[in-house]
Amino acid sequence: MFAHFAENLCKNLIEQDYFIVSDNKNSSLTEKTECLTLIRNQSPVLYAVNIINTFTLNKMDIDNISTMTVLQLEKILQDTYCSRLVVLNVLVFGENNQDIKAFIDEKELLRGKSVNIIWWGADISNTVLHFGKKQPTKLLNHTQLINNALSEEMAEGQGESIAQMENIHRKNTRIKQNSNDYNLVLILMATNIMLWVISNATNTTESFFQLFANDSFQVIKNFEVYRLLTSMFLHTTIYHLGFNMLSLFVFGSRLELYIGKKRFFDVYIFSGIIGAAASVFLTKGISVGASGAIYGIIGAFAVFGKSINRDVGGFNYFTLVLFMLMGAGIGAMTPGVDNFAHIGGFLGGIAIQGIFVHNDRLKKVDK
């Protein structure tokens, strides 16, 4: 029964970008396996889950496993660019084992400077998750993952080596892509570059700006709202254009693959317009650039990653939000940078992607 539960939990954790760490991955997962450790790098936090077999270990052995895991993982914190380690010990027991329950209840929640240790128990006989009296009852979505492992049928791959088992489950955990390419991003990049080249080659930049830039006076007084859209395709210098196009490619190419072309287009246009509108009403000046739309992509990217609770395309929601805050900080110290457009675009991206996520969840409920 331990092996059944352990593989199910491994499968669920692997789906959340965990990796099994083991000295002997060529061995099989059996009822005699003492412990499986999985880790997930979600910088600045390194998460670890110990699946501990109390059928084969005594209390001293359990404490030793927890201590050794912490000591080993503390050594790699710096290499993983993490500053905090969170270890969840899941003690697997059966037949309503009161000794193990009491052992978990006695454990204090360790909140160290850089290490947190949490103790939970999985009663596989009664399919119940037991929280220690001094322990938290939530850690990301791990409560659900463990409860699912308790109730699920035996996962595919039982009897294989630990390495083979991990490979089988990891093949089934790829995030669904809704586009086979990022051609829309390339089209947007080409459009921005082409307009900049034409306006500079023909010395018509000033005319372009007079007609299409985001001018607060023209938008509010003359109701030239089309400027909210057209201004996002104009740029001042080659550096302005280059930085925005690089950012559009880095973030946009990934997001388009996962949410599809239509939704990506909606995010880009909506965020750009919201960013431009924020600029109109809060700066009351003239502005151009795709940065509002790009910050919207970053906001949508953060919501998408958070909604599936996974790193996406090498980014997680924390690093994306941090990137936005750093950009806003740099913008605040740099003359001529329209931070209100950045913030407005970012919030616009969060809003529209949040609607997409909400609608997707409603569709799943209806099914």
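Figure 1. F340 is partly exposed, with a relative accessible area of 39%; here buried means under 20% relative accessible area, exposed over 50%, and partly exposed in between (1.4 Å probe, protein chains only). The residue sits in helix α14, which covers residues 339–366. Together with I220, F281 and L282, F340 forms a nonpolar patch on the surface, with about 400 Å² of accessible area in total. Patches are made of residues with over 30% relative accessible area and no salt bridge, with nonpolar side chains (Val, Leu, Ile, Met, Phe, Trp, Tyr) joined within 5 Å and like charges within 9 Å. The areas come from the Shrake-Rupley method with a 1.4 Å probe, and for residues only the protein chains shown count as cover.

A word on the model before we go on: it is predicted, so local features need pLDDT of at least 70 and side-chain atom pairs count only at pLDDT 80 or more, while totals for chains, interfaces and linings use all residues. Residues are numbered from 1 along each chain as its sequence is written, and side-chain values use heavy atoms, with hydrogens and water left out.

**Figure 2. The whole chain, for orientation.** The chain has 14 helices and nine strands; these are DSSP runs numbered from the N terminus, with helices (H or I) of at least four residues and strands (E) of at least two. Taken along the principal axes, the C-alpha atoms fill a box of roughly 80 × 40 × 35 Å. Of the 367 residues in the chain, 49% are buried.

**Figure 3. The largest pocket.** Which residues lie nearest the centre of the largest pocket? They are F304, S307, I308, D360 and K364, out of a lining of 30 residues. The volume is about 950 Å³. Helix α14 gives the most to this lining, with seven residues, and α4 (142–151), α10 (238–259) and α12 (291–308) join α14 in each supplying at least two. By class, the lining of the largest pocket has eight nonpolar, 10 polar and 12 charged residues. For these classes, Ala, Val, Leu, Ile, Met, Phe, Trp, Tyr, Cys and Pro count as nonpolar, Asp, Glu, Lys and Arg as charged, and the others, Gly among them, as polar. On a 1 Å grid over the protein atoms alone, a pocket is an open set of points with protein on both sides within 12 Å along at least five of seven lines, a cavity is a set of points where a 1.4 Å probe fits but cannot get out, and lining residues have an atom within 4 Å of a point. Grid points are joined across faces, edges and corners, and a volume is the space filled by probe spheres set on the points.

**Figure 4. The second largest pocket.** This pocket has a volume of about 700 Å³ and a lining of 36 residues. Nearest its centre lie H240, S291, V337, D338 and H342. Two or more lining residues come from each of α10, α11 (261–282), β9 (286–287), α12, α13 (317–333) and α14. Among these elements, α12 gives the most, with six residues. The lining of the second largest pocket divides into 17 nonpolar, 18 polar and one charged.

Figure 5. E224 and R227 meet in one of them, at 2.6 Å from N to O, and both residues are buried. E15 and K11 pair at 3.9 Å, N to O; K11 counts as buried at 18% relative accessibility, whereas E15 is partly exposed at 28%.

Figure 6. K262 forms a salt bridge with D266, the closest N and O atoms being 3.2 Å apart. The two are separated by about one helical turn, because they are four residues apart in helix α11. K262 counts as exposed, at 63% relative accessibility, while D266 is partly exposed, with a relative accessible area of 24%. Elsewhere, salt bridges that share partners join D181, E256 and K261 into one network.

Definitions and conventions
Salt bridge = Lys/Arg side-chain N within 4 Å of Asp/Glu carboxyl O.
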